[in-house]
Amino acid sequence: MERPKISELRDQLHSLRKQELEIEAQILALEAEEQSTAQKASDRLTNEEIRRYSRQLLIPEVGTEGQLKLRNSSVLVVGTGGLGSPCALYLAAMGIGRLGLVDHDVVDQSNLHRQVLHTEASCGFSKVLSAVTSISRLSSLCETKVYDVLLDSTNARDIIGGYDIVVDATDNAATRYLINDACVLSGIPLVSGSAVRLDGQLTVYNHNGGPCYRCLFPTPPAPDAMANCSETGVLGVVPGVIGCLQAMEVVKLATGRKVNEDPSMLLFSYRSQPHFRSVKLRGRKPTCAVCGDEPTVTKLIDYVAFCGAGPNDDAPQWKLLEDPTHRISCERYREVQDLSDAGVGGKHLLLDVRDEVQFTICQLPHSVNIPIDQFDTRRKELEEAVQSLDGAPVYAVCRRGNLSQMAVRYIRDQLGYEQCFDIAGGLVAWQREVDAEFPAY
Ligand SMILES: Nc1ncnc2c1ncn2[C@@H]1O[C@H](COP(=O)(O)OP(=O)(O)OP(=O)(O)O)[C@@H](O)[C@H]1O
Ligand SMILES: [Zn+2]
């Protein structure tokens with residue numbers, strides 16, 4: 001009998017796990033629905049609820065009345081990534097009655113250091129299915145509903161309109177404006193968070209006379225200026241801190257505590273001491289395009305056009321900036337490398353222009369690292385390296401093939417060295433096209 005291939009067995013296992021996840025999510029959702037219908041019929045806490053929430057019931061800020069309010073509240077968490085994971089977990093754990101979860105993405109291995117709803121076993125599967133499974137295992141008292149969709153202008157009002165409070169746990173400008181406008185138009189408070197690198201922010205918008213997101217940021221940032229985790233990185237615990245605080249603001253809103261009497265934005269940084277700082281905000285802006293006295297935005301618009309980038313465009317992909325003759329493919333560069341390794345020609349300089357942190361993660365053999373933002377300060381070193389080549393080519397490489405094109409432009413225009421080419425698509429393309437074993441990050 002022919003021996004089965006490991007990859008085929010893995011595929012089989014993958015599809016079984018997917019089925020298992022889907023069935024489990026269905027069962028848990030139905031159970032939670034039944035349970036919560038029974039609970040809702042009563043305006044008293046059940047014995048099970050009293051036992052379960054006892055430590056929280058002892059706090060006067062919650063008490064029985066607060067716990068019943070949590071049970072009667074519905075919250076929509078948009079994004080089940082770094083912020084949405086802790087936020088949704090705590091909301092379910094603390095006793096929010098109905099939780100909606102929106103995400104269109106699948107779980108990736110690079111999510112696991114911060115997106116604590118997901119596990120190794122759910123890599124490659126829908127994030128919302130993975131999320132609802134974790135949440136339902138934690139609490140069968142929370143009724144969950146999943147939306148495995150990209151939230152956009154066609155569905156946002158319908159989805160958001162079914163909830164008392166909305167949590168923005170997404171990572172891109174187009175979705176932030178979309179969620180804000182939908183919340184303003186539907187009169188729903190919005191708990192917004194963000195976390196990149198070592199810093200985070202938290203604000204409650206559109207509540208108690210406070211501002212909306214547009215009051216603060218009337219115009220979107222330039223598409224390139226929007227930092228995102230896949231480009232700039234994020235320390236796992238930073239979205240954890242902010243996501244938990246988002247859950248706390250939801251509890252305040254749901255239990256009817258005063259929120260936004262003095263609107264403010266909370267800033268968190270790993271580096272600063274103390275870690276938190278609060279910035280006072282003005283109230284609602286009368287000239288705001290959506291919540292102002294004479295709004296110009298009275299229905300949802302095309303947010304991708306408004307922001308110049310959509311939810312899926314946030315990682316700058318390879319763009320053609322330079323003359324195509326100033327470039328070689330990864331395949332072609334591998335041939336140069338082979339010749340050079342065999343000592344039969346192929347003399348060249350491989351210049352890696354990424355920053356030092358990225359260079360330390362992984363690099364091609366024999367590459368020299370001069371980050372592009374140090375070209376001016378290290379110009380002499382760069383000039384010497386180029387001149388010592390006696391006309392042999394320089395090949396510039398970076399992560400995705402954008403910075404390397406700028407490096408080629410610099411070396412050609414500023415140093416007057418014509419034998420300079422970039423490696424198309426950078427190390428991402430190298431991993432895809434030449435060496436599958438090369439680390440991807
Ligand atoms: N318009 C949208 N509709 C549905 N989900 C969205 C939308 N915009 C963003 N999201 C989701 O919000 C989550 C944000 O998570 P996070 O910021 O941790 O980043 P990520 O996209 O998972 O990871 P990385 O940036 O590292 O690739 C993601 O799961 C993303 O799919
Ligand atoms: Zn506004």
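Keep in mind that the model is predicted.

Start with the layout. The chain splits into domain 1, residues 6-41 + 73-307, and domain 2, residues 324-433. Over C-alpha atoms, the domain centres sit 41 Å apart.

Now the cores. The largest nonpolar core holds 72 residues. Val75, Val77, Ala88, Leu99, Val166, Val167 and Val250 make the most contacts inside it. Take Val167. Beyond four places in sequence, its contacts include Val75, Val77, Cys87, Val191 and Val250. There is also a second, separate core, with 22 residues. Leu350, Leu351, Val353 and Trp430 are among them.

Next, ligand 1. Its surroundings comprise 22 residues, and the closest are Gly79, Gly81, Gly82, Asp105 and Asp171. By type, the shell has 13 polar, 5 nonpolar and 4 charged residues.

Which residues does UniProt list for "active site"? Cys229 and Cys398, in an unreviewed entry.

Cys229 first. This residue is in helix H10, residues 229-232. Buried or exposed? Cys229 is buried, because 20 other C-beta atoms lie within 10 Å, and 20 or more is the cut-off. Setting aside neighbours within four places in sequence, Cys229 contacts Gly82, Asp171, Val196 and Val234.

Then Cys398. This one sits in a loop, between strand E12 (394-397) and helix H16 (403-413). Cys398 has 26 C-beta neighbours inside 10 Å, so it counts as buried. Residues up to four places away aside, Cys398 touches Val353, Arg354, Leu403, Ser404 and Gly426. Val353 we met already, in the second core.

Terms used: Residues are numbered from 1 along each chain as its sequence is written. Chains are lettered from A and ligands numbered from 1 in the order in which they are written. This is a predicted model: local features need pLDDT of at least 70, side-chain atom pairs count only at pLDDT 80 or more; totals for chains, interfaces and linings use all residues. Domain bounds come from an automatic or database domain assignment. A nonpolar core is a set of buried Ala, Val, Leu, Ile, Met, Phe, Trp, Tyr and Cys residues joined through C-beta atoms within 7 Å. A residue is buried if 20 or more other C-beta atoms lie within 10 Å of its own, exposed if 12 or fewer, and partly exposed in between; C-beta atoms are placed from the backbone. Two residues are in contact if their C-beta atoms, placed from the backbone, lie within 7 Å. A residue is near a molecule or strand if its C-beta atom, placed from the backbone, lies within 6 Å of it. Ala, Val, Leu, Ile, Met, Phe, Trp, Tyr, Cys and Pro count as nonpolar, Asp, Glu, Lys and Arg as charged, and the others, Gly among them, as polar. UniProt positions are given in the numbering used here, feature names are shortened, and annotations may be inferred rather than shown by experiment. Helices (H or I, at least four residues) and strands (E, at least two) are DSSP runs, numbered from the N terminus.
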